[in-house]
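Subject: Structure handover

Hi there,

Here is the structure I promised to pass on.

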Amino acid sequence: MTEIASADASGAATGGVRTVLRLEGLALFIGMTLLYYVWDGDWWVYASLFFVPDLSFAGYLSGPRFGAMIYNAVHSYLAPMAMMTTGFATASPLILSIAMIWLAHIGFDRALGYGLKYAAGFSLTHLGRIGKPTN
């Protein structure tokens, strides 16, 4: 009950819920990286593509609302899971590799506390505020 009472008004997860979400992210990162290893993926490809989703930061050049929309589209599970399903259905190692790397990136971000963004600003996420607090 205390966790409900301590939830802040920002809509961000707090307490144990936040911890579980971050641990899920860590599990996703480790799981996708291990799967990539087991499938004998090329580590140069992994290293080259791992931070590609962060190019979505460029959406913030058009403002916080558009930036959050683009960032969230690239950092949600929907597209890489659809890609992974397609990769399995078509037996395409390239599509599967890209999906695994993409999901590993999302898991890595979530484990570090970088959540989906609110339109009010880049530092406001579903996992809480990131960066230095503003005074």
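This is a predicted model: local features need pLDDT of at least 70, side-chain atom pairs count only at pLDDT 80 or more; totals for chains, interfaces and linings use all residues.

Residues are numbered from 1 along each chain as its sequence is written, and side-chain values use heavy atoms, with hydrogens and water left out.

**The core**

The largest nonpolar core has twelve residues: Leu28, Met32, Tyr36, Tyr46, Phe50, Met84, Leu96, Ala99, Met100, Ile101, Leu103 and Ala104. (A nonpolar core is a set of buried Ala, Val, Leu, Ile, Met, Phe, Trp, Tyr and Cys residues joined through side-chain atoms within 4.5 Å; buried means under 20% relative accessible area, exposed over 50% and partly exposed in between, with a 1.4 Å probe and protein chains only.) Helix α6 gives the largest share of this core, six residues, and α2 (15-38) and α6 each supply at least two. (Helices, H or I with at least four residues, and strands, E with at least two, are DSSP runs numbered from the N terminus.) Leucine 96, one of the core residues, is in contact (heavy atoms within 4.5 Å) with Trp39, Met84, Gly87 and Phe88, leaving aside its neighbours within four places in sequence.

**Aromatic rings**

Rings of Phe, Tyr and Trp (its six-membered ring) pair if their centres lie within 6.5 Å; planes under 30 degrees apart count as stacked, over 60 as edge-to-face and the rest as tilted. By this rule the count comes to 14 aromatic pairs. One of them is edge-to-face: phenylalanine 50 with phenylalanine 108, at 5.4 Å centre to centre and 70 degrees between the planes. This pair links distant parts of the chain, 58 residues apart, with phenylalanine 50 in the loop between α3 (43-49) and α4 (64-74) and phenylalanine 108 in α6 (residues 93-111). Phenylalanine 50 is buried at 7% relative accessibility, whereas phenylalanine 108 is partly exposed at 26%. Ring pairs also join both of them to Phe29, Tyr36, Trp43, Tyr46 and Phe51 in a cluster.

Two charges sit over rings (NZ of Lys or CZ of Arg within 6 Å of the ring centre and within 35 degrees of the ring normal). Arginine 110 lies over the face of tyrosine 77, 4.9 Å from the ring centre, and lysine 117 has its charged end over phenylalanine 122, 4.3 Å from the centre of that ring.

Where is histidine 105 placed? Histidine 105 lies in helix α6 and is buried, at 0% relative accessibility. Its side chain makes a polar contact of 3.1 Å with that of histidine 75. (Such a contact is a pair of N or O atoms within 3.5 Å; within protein, one must be able to donate a hydrogen and the other to accept it, and residues adjacent in sequence count only if both atoms are side-chain atoms.) Serine 76, in the loop between α4 and α5 (78-90), is buried at 15% relative accessibility. Beyond its neighbours within four places in sequence, serine 76 is in contact with Ile106, Arg110 and Leu116.

**Helix α4**

In α4, Gly67, Ala68, Tyr71 and Asn72 are buried. What covers the buried residues of α4 includes α6, β1 (117-118) and β2 (121-125).

Best wishes
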